Amino acid sequence: MTSTITPATPSPTAPTTPSPNLPAIGPDMSLIREAILAGDTSPRDFANLPIPSSYQGVTLHEADIHMFEGLATADKDPNLSLHLDDVPTPILGPGEALIAVMASSINYNTVWSSLFEPVPTFEFLHRYGRLSPLAKRHDLPYHVVGSDLAGVVLRTGAGVTAWQPGDEVVAHCLSVELESPQGHNDSMLDPEQRTWGFETNFGGLAQLSLVKSNQLLAKPSHLTWEEAACPGLVNSTAYRQLVSRNGAGMKQGDNVLIWGASGGLGSYATQYALNGGATPICVVSSQEKADICRSMGAELVIDRSAAGYRFWKDPQTQDPNEWRRLGADIRKLTGGEDVDIVYEHPGRETFGASVFVARKGGTIVTCASTSGYMHEYDNRYLWMNLKRIIGSHFANYRESYEANRMLDKGMIHPTLSKTLPLAQTGKAVREVQQNKHQGKVGVMCLSPKEGLGVRDHQKRAQFQTAINRFREA
Ligand SMILES: NC(=O)c1ccc[n+]([C@@H]2O[C@H](COP(=O)([O-])OP(=O)(O)OC[C@H]3O[C@@H](n4cnc5c(N)ncnc54)[C@H](OP(=O)(O)O)[C@@H]3O)[C@@H](O)[C@H]2O)c1
């Protein structure tokens, strides 16, 4: 990952040129950090802090979008496409908030954006820019990425009454305009629905970030900055996909097959299944990952590497015998029962098997296609057995609030396994791309070290073991 130097006057449209001499933090940013670390700075003092004219953020450059052409996906290295740049602070618009970011985390969408797959995210920024002069601010030749943050409100725009400078917050990643009737039952259906830091600019892998105020949620008081920053996107997604009536509507007693059960999404889906009186059947790819699922309380675990499933005989042909073998392995664990819900996201590689193993009348709920989005399955198993496939995507504000509330109550815990500094974001993204991580990988932004930001130590003490579960894996 490259780094750049702070310009005397930042350009309004482009990041600056590389230099190894970038100071870690400028004087205005230092004041902001000190005010946050003090822990008792008043809202008025926060409101009077000067806002730096520029800040460090992890960016993609539009000029780089062809850099990986001809390479296999696995050979595309995010270290080469992600930069640490000093970029101008955006002007705050109505309904928005400027946040000092203490910590962020890596989501798989930053893997996709850093590989410029399936399309360069600049296409999203251009499209958004055509919407309005306010949206045009996002359409820049660089893209500050990242869809999670924990931090402190510095300024709010016109019309914002629910939040004020000094509020300690996390941000969910749903950006909506809500000018159309379509989004008013479920804001995920807004025609202008976007993922902040992926389809919009000024994301969370940075020292400052711009969000809509209706992305904000109170930071759970018992968590550190880095713990609070890691669940947002995946926790909310898992809540909608598995628990919400907009998703699978899981109920007590359900058997839930969870692919990647110790990964970003899976580590929260597993917790929701256990909390909700369901039985997770966790699929993972190593003994260490199996152990971590057991430590969360899951009893039924399949190590897909040890089992050696080959759902595809060759890139075009699936092997139904391997679907059957998975189904038989599930029945061995459940005492003969099939699964009510399949929690899907690997996509092409597993989807045929997922449709097959769901029980008669069961549900396959999907939010992604990590291994390929052209899925193939035998439709006879779907229609003859009255199964349903449900598409699910992120979560609306209410669902994100519910998911954050569960964290705040200590009913769901962060699954942070490690953190890296902002300057090593490329390394962190590469680890996630290569599936070398457990749970979530955090990124330290303004927070100078781990362990800061806990406001309720008594509450934390009750949940200490669960909070650190993935750390010790
Ligand atoms: N639509 C949405 O709102 C939304 C939200 C969040 C994420 N996503 C997408 O969901 C996907 C997963 O995200 P994540 O954060 O959970 O990523 P993650 O942390 O990498 O976890 C995914 C896990 O899936 C398993 N997996 C990967 N490839 C597999 C394959 N071919 N067959 C079986 N299992 C496989 C791996 O676990 P094992 O190796 O242990 O089996 C991996 O740890 C990504 O594509 C992401 O972009 C979508």
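Predicted model: local features only at pLDDT ≥ 70, side-chain atom pairs only at ≥ 80, totals over all residues.
Trainee: Why is the Glu227 and Arg460 pair said to tie together parts of the chain?

Mentor: Glu227 belongs to helix α7 (residues 225-229) and Arg460 to helix α17 (residues 457-467), so the pair ties together parts that are 233 residues apart in sequence. Both residues, Glu227 and Arg460, are buried.

Trainee: Which residue forms a salt bridge with Glu399, and how far apart are the closest N and O atoms?

Mentor: The partner of Glu399 is Arg240, with the closest N and O atoms 2.9 Å apart. This pair also links distant parts of the chain: Glu399 is in helix α15 (residues 397-408) and Arg240 in helix α8 (residues 232-243), 159 residues apart.

Trainee: Why do Glu399 and Arg240 count as buried?

Mentor: Buried means under 20% relative accessible area. Glu399 has 5% relative accessibility and therefore counts as buried; Arg240, with a relative accessible area of 7%, is buried as well.

Trainee: What separates Arg405 and Glu402 along helix α15?

Mentor: Arg405 and Glu402 are three residues apart in helix α15, and so are separated by about one helical turn. Their side chains meet in a salt bridge, with N to O at 3.8 Å, which is within the 4 Å limit. Arg405, at a relative accessible area of 35%, is partly exposed, whereas Glu402, at 16%, is buried. Elsewhere, salt bridges that share partners join Asp186, Arg240 and Glu399 into one network.

Trainee: Which residues of α12 and α13 meet?

Mentor: Trp323, Arg324, Leu326, Gly327 and Ile330 in α12 meet Gly352, Ala353, Phe356 and Val357 in α13. The contact residues divide into six nonpolar, two polar and one charged.

Trainee: What makes the phi values of Leu178 and Phe202 worth noting?

Mentor: Most residues other than glycine have a negative phi. Leu178 has a phi near 55°, a positive value in a residue other than glycine, and Phe202 likewise has a positive phi, near 60°. Leu178 lies in the loop between β8 (174-175) and β9 (194-195), and Phe202 in the loop between β9 and β10 (208-212).

Trainee: Are Leu178 and Phe202 buried or partly exposed?

Mentor: Leu178 has a relative accessible area of 28% and is therefore partly exposed, while Phe202, at 2%, is buried.

Trainee: What kind of peptide bond joins Glu117 and Pro118?

Mentor: The bond is cis, with omega about -10°. Most peptide bonds are trans. Pro118 is found in the loop between α4 (108-115) and α5.

Conventions
Residues numbered from 1 in each chain as written. Heavy atoms only, no water. Contact = heavy atoms within 4.5 Å. Helix = DSSP H or I, 4+ residues; strand = E, 2+ residues; numbered from the N terminus. Nonpolar A, V, L, I, M, F, W, Y, C, P; charged D, E, K, R; others polar. Buried < 20%, exposed > 50% of the residue type's maximum accessible area, 1.4 Å probe, protein only.
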